[in-house]
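Welcome! Keep it open as you read.

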Amino acid sequence: GHLLFIRRRTLFAQPFDAERLESSGEAVRVAEDVAAFWNGEVGVFGVSTDGVLAYLDSADRPRVQLTWLDRAGRRLGTLGEPERYFQISLSPDGRRVVSGVRDSRGRDLWVIDVARGVASRATNDPRDESDAVWSPDSPELLFAMRSNGGPHLFRPGLGGSASATPVPETPGAQSPADWAAHG
């Protein structure tokens with residue numbers, strides 16, 4: 001009889017009539033600092049039919065080691081240092097990896113040079129950045145950054161050359177999924 005949803009990493013429960021598809025009453029806080037993805041809009045939680053709630057605390061996100069595997073699943077080596085990576089993407093030329101990394105300030109994008117195993121910050125903004133995709137020829141990124149109430153598209157100046165610049169906006173929230181081969 002309740003609808004659970006997340007808002008700014010807080011999990012809420014609100015009375016909900018599934019027959020009429022209507023909510024009623026006030027939403028009640030259930031848990032704070034719940035892990036989320038897609039710019040904080042999708043919480044990492046679940047509820048069983050008998051009412052048991054399970055969720056991942058945002059501080060509990062484990063540090064993981066990026067690992068190269070062959071097609072048979074055999075370990076070939078590692079890349080970079082263990083970190084709280086999310087949304088990992090290998091560049092089309094195979095020379096760099098971009099990933100979001102969470103720290104005390106929020107989420108920023110980091111690029112790892114595959115040959116050297118060295119990571120460098122691609123974004124340095126207090127707003128959360130996510131959903132990075134590579135351009136078809138690999139030198140550029142397109143990503144979503146929470147700005148003016150919703151995620152909008154930006155292109156960073158890689159290598160510290162410039163700050164992120166917005167892509168001309170269209171109505172609604174924006175998150176890239178891919179970059180077409182023709183650009």
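Of the contacts in the protein chain that join residues at least 6 apart in sequence, 29% link residues at least 24 apart. Keep in mind that this is a predicted model.

**Overall make-up**

- The protein chain counts 183 residues, and buried residues account for 34% of them.
- Its accessible surface is about 11,200 Å².
- Carbon and sulfur atoms contribute 51% of that surface.

**Salt bridges in general**

- Side chains of opposite charge can pair when their charged atoms come close.
- Eight salt bridges are found in the structure.

**Arg121 and Asp108**

- A salt bridge joins Arg121 to Asp108, with 2.5 Å between the closest N and O atoms.
- This pair ties together distant parts of the chain, since Arg121 lies in strand β14 (residues 118-121) and Asp108 in strand β13 (residues 106-113), 13 residues apart.
- Is Asp108 buried or exposed? Asp108 has a relative accessible area of 1%, so it counts as buried, the cut-off being under 20%.
- Arg121 is partly exposed, because its relative accessible area is 31%, which falls between the 20% and 50% cut-offs.

**Asp93 and Arg95**

- Look next at Arg95, whose side chain meets that of Asp93 in a salt bridge, at 3.9 Å from N to O.
- Arg95 counts as exposed because its relative accessibility is 58%, and exposed means over 50%.
- Asp93, with a relative accessible area of 36%, is partly exposed.

**Asp113 and Arg116**

- Another salt bridge brings the side chains of Asp113 and Arg116 together, with an N to O distance of 3.7 Å.

**A linked group**

- Which residues are linked in a network of salt bridges? Asp17, Arg20 and Glu22 are connected in this way.

Conventions: Residues numbered from 1 in each chain as written. Predicted model: local features only at pLDDT ≥ 70, side-chain atom pairs only at ≥ 80, totals over all residues. Heavy atoms only, no water. Buried < 20%, exposed > 50% of the residue type's maximum accessible area, 1.4 Å probe, protein only. Contact = heavy atoms within 4.5 Å. Areas by Shrake-Rupley, 256 points an atom, 1.4 Å probe, with all protein chains shown as cover. Salt bridge = Lys/Arg side-chain N within 4 Å of Asp/Glu carboxyl O. Helix = DSSP H or I, 4+ residues; strand = E, 2+ residues; numbered from the N terminus.
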